[in-house]
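Work through the exercises below with the sequence and the model open beside you. Each task is followed by a solution that goes step by step.

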Amino acid sequence: TVTRSSCSGSLNGCFTESRGTTVTLTPKREIFVNQKQISEDKLEPALKEALAASADQLVILRGDKDVLLGDTVKIMSIIKRAGASEIAIAAETEKKR
């Protein structure tokens, strides 16, 4: 489990204290592993490398309400294939109007 997270406004303002590898999926279908942009076909090898370098096998999946569910499920499958033992989902909270 993630120990503590804090967000200020957009996902770019979010950070997580503790551990894990972060995968960010944007509405434009851009994928980032620990803030480094990669293509979908390079995601699994990049995750395997990141997980091998980490003592923790947690992957934190970040996105926002505009990311399609189908895209999210596809990325989650790749994360599991890469060897993650846990997937945590970090989402932006809705702003009050």
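A residue is called buried under 20% relative accessible area, exposed over 50%, and partly exposed in between, with a 1.4 Å probe and protein chains only. The model is predicted, so local features need pLDDT of at least 70 and side-chain atom pairs count only at pLDDT 80 or more, while totals for chains, interfaces and linings use all residues. Residues are numbered from 1 along each chain as its sequence is written, and side-chain values use heavy atoms, with hydrogens and water left out.

**Exercise 1.** Decide whether Val23 is buried or exposed, and find what it touches.

Solution. Begin with the place of Val23, which is in strand β3; strands (E, at least two residues) and helices (H or I, at least four) are DSSP runs numbered from the N terminus. Next, Val23 counts as buried because its relative accessibility is 0%. Finally, leaving out residues up to four places away in sequence, Val23 touches residues including Ile31, Val33, Leu47, Ile75 and Ile79, where contact means heavy atoms within 4.5 Å.

**Exercise 2.** Work out the order of the strands in the sheet and name its edge strands.

Solution. The open sheet has 5 strands in the order β5-β4-β3-β6-β7, with mixed pairing; two strands pair if DSSP finds at least two bridges between them. The edges are β5 (36-38) and β7 (86-91), each of which pairs on one side only. As one example of pairing, β4 (residues 31-33) and β5 are antiparallel over 3 bridges, and Phe32 has Gln37 in β5 as its bridge partner.

**Exercise 3.** Describe how helix α1 meets helix α2.

Solution. First, the axes of α1 and α2 (residues 69-81) come within 9 Å and cross at roughly 35°; such axes are lines fitted to C-alpha atoms, for helices over the stretch in contact, and angles run from 0 to 180 degrees between N-to-C directions. Then list the contact residues, which are Glu40, Leu43, Glu44, Leu47 and Lys48 of α1 and Lys74, Ile75, Ile78, Ile79 and Arg81 of α2.

**Exercise 4.** Which residue does the side chain of Asp71 join through a polar contact?

Solution. Asp71 lies in helix α2 and counts as buried because its relative accessibility is 13%. Its side chain and that of Arg29 are joined by a polar contact of 2.7 Å, a term for a pair of N or O atoms within 3.5 Å in which, within protein, one must be able to donate a hydrogen and the other to accept it, and residues adjacent in sequence count only if both atoms are side-chain atoms.
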